[in-house]
Amino acid sequence: KLNEILLVIRTSLHPAVLVTVALSAAITALITCAVESDSIWLDYLSSSKPAIAATLGAFLALSLAFRTNVCYQRWWEGRCLWGKLIYASIHCAQQSQSWIKSREKRERFQNTVITFAWACKAQLRGRGLHDELEEGKKLIRRGVLFEKELEVMLSEPGWQPYYCLDVMRCVFTDSMQTSENRLCPEQLKSMEDSIRDMAISIGGLIRLKSTGLPTAYDSFYQTAGIIFLVMASFAWSPEMGWYTPPTAGVITLVFLLMTKIGEFMVDPFGNDMSDLPLKTYCKVTEIQINSIMRRERIPYDLGVGPIDEDGCQGEGVVKSKSVNRQIRFPIF
């Protein structure tokens, strides 16, 4: 935990932050030097401004807490939307495993769900699956995505995750209009609800990525910090003397670090330590969907369970005509 905290601090210490801290300490030192010169009007400022400095300090602390809370809410919303996206993706794969009889169509559908997860990660990082830092080429090597299809996704101006959703709709509709499947309105509605949940999740994530805190809010916060620093220097200098500059520098550093941490949480889809582990989310989704695909190879009917040669299961007796029967889920 200590190493993680030190890493966050080191990441936040940009040159601009250090320059700001040094500048605040220099301004405070000048004010301290002026106060110690025994000027009458400076003595008046020092004696009349402690209440103002305390009020501004309380206001600034509340503003910082509010800003940090808003940033954390964005980070938490991104985490919740990714959780919903993972659950909806797995649910879609389960439905396809149950309802799509054609193995080719079923694998096409489930591979597209896997591609959708990785496309969401790329979209939120401002890239596409074709980018060297993304998973497109690895998906081709794993047989999840066709190279020609990746080229088509690259040529399309639309968002790649929505391309995957359209493919899923087409595959399911086509598979349910064959002689092996009979299109059921309840199944179609249930599948569309699952795909809609995936679309809502990525839509919310793109909204978080595209929007941020108002620029005027940060400008107001910085202005209030400067005013507080000046007023506090007049209020503290008579009592603290030359301890005032380092104290002001430490306070400025703490406020700037909290501001930087908030900036990291405003956009939680990058590669910073405080960002969401998008690659882990995509790997979890792919592993779970691959597990669903492998369940059809289980050498017994999941609805019945393992049976012996006499058809016995545990203490009871269960007859099964088909050992490798298709997995069947109820209509959700």
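**A buried lysine, a helix pair and a pocket**

Lys121 is buried, with a relative accessible area of 5%. That value counts as buried because the cut-off is under 20% relative accessible area. The model is predicted. Lys121 is found in helix H5, which spans residues 103-124. Leaving aside residues up to four places away in sequence, Lys121 touches Trp82, Leu133, Glu134, Leu278, Lys279 and Cys282.

The overall architecture was examined next. The protein has twelve helices and two strands. From the N terminus on, the order of elements is α-α-α-α-α-α-α-α-α-α-α-α-β-β. The protein has 332 residues, and buried residues make up 40% of them. Contacts between residues at least 6 apart in sequence were also sorted by separation. Of these, 77% join residues at least 24 apart.

Helix H8 covers residues 160-175, and helix H9 covers residues 185-210. Their axes come within 11 Å and cross at roughly 180°. H8 is therefore roughly antiparallel to H9. On the H8 side, the contact is made by Pro161, Tyr162, Leu165, Met168, Arg169 and Phe172. On the H9 side, Gln187, Leu188, Met191, Glu192, Ile195, Met198, Ala199, Ile202, Gly203 and Ile206 take part. By residue class, the contact of H8 with H9 holds twelve nonpolar, two polar and two charged residues.

At least two lining residues come from each of helix H5, helix H7 (147-155) and H8. H5 supplies the largest share of the lining, seven residues. The lining residues of the second largest pocket divide into eight nonpolar, four polar and five charged.

H5 contains the buried Lys121 and gives the second largest pocket seven lining residues. H8 packs roughly antiparallel to H9 and supplies at least two residues of the lining of the second largest pocket.

Technical notes: Residues numbered from 1 in each chain as written. Predicted model: local features only at pLDDT ≥ 70, side-chain atom pairs only at ≥ 80, totals over all residues. Heavy atoms only, no water. Axes fitted to C-alpha atoms, helices over the stretch in contact; angles between N-to-C directions. Helix = DSSP H or I, 4+ residues; strand = E, 2+ residues; numbered from the N terminus. Parallel < 35°, antiparallel > 145°, perpendicular 65-115°, else oblique. Contact = heavy atoms within 4.5 Å. Nonpolar A, V, L, I, M, F, W, Y, C, P; charged D, E, K, R; others polar. Buried < 20%, exposed > 50% of the residue type's maximum accessible area, 1.4 Å probe, protein only.
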